[in-house]
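Some questions about how terms are applied to a structure follow. Each answer sets a value against the rule it has to meet.

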Amino acid sequence: MAHSIVPEAEEILDKEYKVLDKGFVRLVDYLGSDQRIVQSARVSYGNGTKTVSQDAGLIDYLLRHQHTSPFEQVVFTFHVKMPIFVARQWVRHRTGRMNEVSGRY
């Protein structure tokens, strides 16, 4: 499957969205789309076996029944500025991988 372009993601790519008084979040990059999710969920059926509406139904089903592994096929990279106490909770609850700017330099 070729690299997918998602128009909705392209529209917000590199736009900074303010959060509270001093924070922000910005989508830096993404890999994958709804097609990658349904292809992963239907791995034994091959490509092109369902319609777009059936794909949307499958995604809803996966979410409703907490079948989350197909969603791991899609990756987002964000640039986020947040207070240190929020960052520590983010790491503590393992919501994602992160790198941070060093406070020493």
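Q: What are R42 and D55 called, buried or exposed?
A: In this predicted model, both R42 and D55 are buried. The term requires a relative accessible area under 20%.

Q: What makes R42 and D55 a salt bridge?
A: The rule asks for a side-chain nitrogen of Lys or Arg within 4 Å of a carboxyl oxygen of Asp or Glu. For R42 and D55 the N to O distance is 2.6 Å, so the pair meets the rule. R42 sits in the loop between α2 and α3, and D55 in helix α3, 13 residues apart. Side chains of opposite charge can pair when their charged atoms come close.

Q: How many salt bridges does this rule give?
A: The count is three. One of them joins D14 and R26, whose closest N and O atoms are 3.2 Å apart. This pair links distant parts of the chain, with D14 in the loop between α1 (7-12) and β1 and R26 in strand β2, twelve residues apart. Another is formed by the side chains of K18 and E16, at 3.1 Å from N to O.

Q: Why is K18 called exposed?
A: The relative accessible area of K18 is 64%. Exposed means over 50%, so K18 is placed in that class.

Q: Why is E16 called partly exposed?
A: E16 has a relative accessible area of 41%.

Q: Why is G23 called buried?
A: G23, which lies in strand β2, has a relative accessible area of 11%. The cut-off is under 20%, so G23 counts as buried. Leaving out residues up to four places away in sequence, G23 touches Y17, K18 and K81. The C-alpha atoms of G23 and M82 are separated by 5.0 Å, although these residues are 59 apart along the chain.

Q: What span is expected of helix α3, and what span does it have?
A: Helix α3 (residues 52-64) has 13 residues. From its first C-alpha to its last it reaches 18 Å, close to the 18 Å expected at 1.5 Å a residue. After α3 comes Q66, whose phi is positive, near 55°.

Q: Which residues of α3 are buried, and why are they said to lie on the same side?
A: The buried residues are D55, L58, I59 and L62. They cover an arc of only 100° around the axis, which puts them on the same side of α3. An α-helix has 3.6 residues a turn, so residues three or four places apart point the same way. The buried residues of α3 pack against α2 (34-41). On the face turned away from the buried side are the exposed residues S53 and R64.

Q: Why is V74 called buried?
A: V74 has 15% relative accessibility. That is under 20%, so the term applies to V74. The residue lies in the loop between α3 and β3 (75-81). Setting aside neighbours within four places in sequence, V74 is in contact with L31, G32, S33, R36 and I37.

Q: How does the radius of gyration of the chain compare with that of a compact globule?
A: A compact globule of 105 residues would have a radius of gyration near 13 Å, but the chain has 17 Å. The C-alpha trace spans about 55 × 30 × 25 Å along its principal axes. Of the 105 residues, 19% count as buried.

Q: Which elements make up the chain, and in what order?
A: There are four helices and three strands. From the N terminus on, they run α-β-β-α-α-β-α.

How values were computed: Residues are numbered from 1 along each chain as its sequence is written. This is a predicted model: local features need pLDDT of at least 70, side-chain atom pairs count only at pLDDT 80 or more; totals for chains, interfaces and linings use all residues. Side-chain values use heavy atoms; hydrogens and water are left out. Helices (H or I, at least four residues) and strands (E, at least two) are DSSP runs, numbered from the N terminus. The expected span of a helix is 1.5 Å times one less than its number of residues. Buried means under 20% relative accessible area, exposed over 50%, partly exposed in between (1.4 Å probe, protein chains only). The arc is that of the directions from the helix axis to the C-beta atoms. Contact means heavy atoms within 4.5 Å. The radius of gyration is taken over C-alpha atoms; the globule rule is 2.2 Å times the number of residues to the power 0.38.
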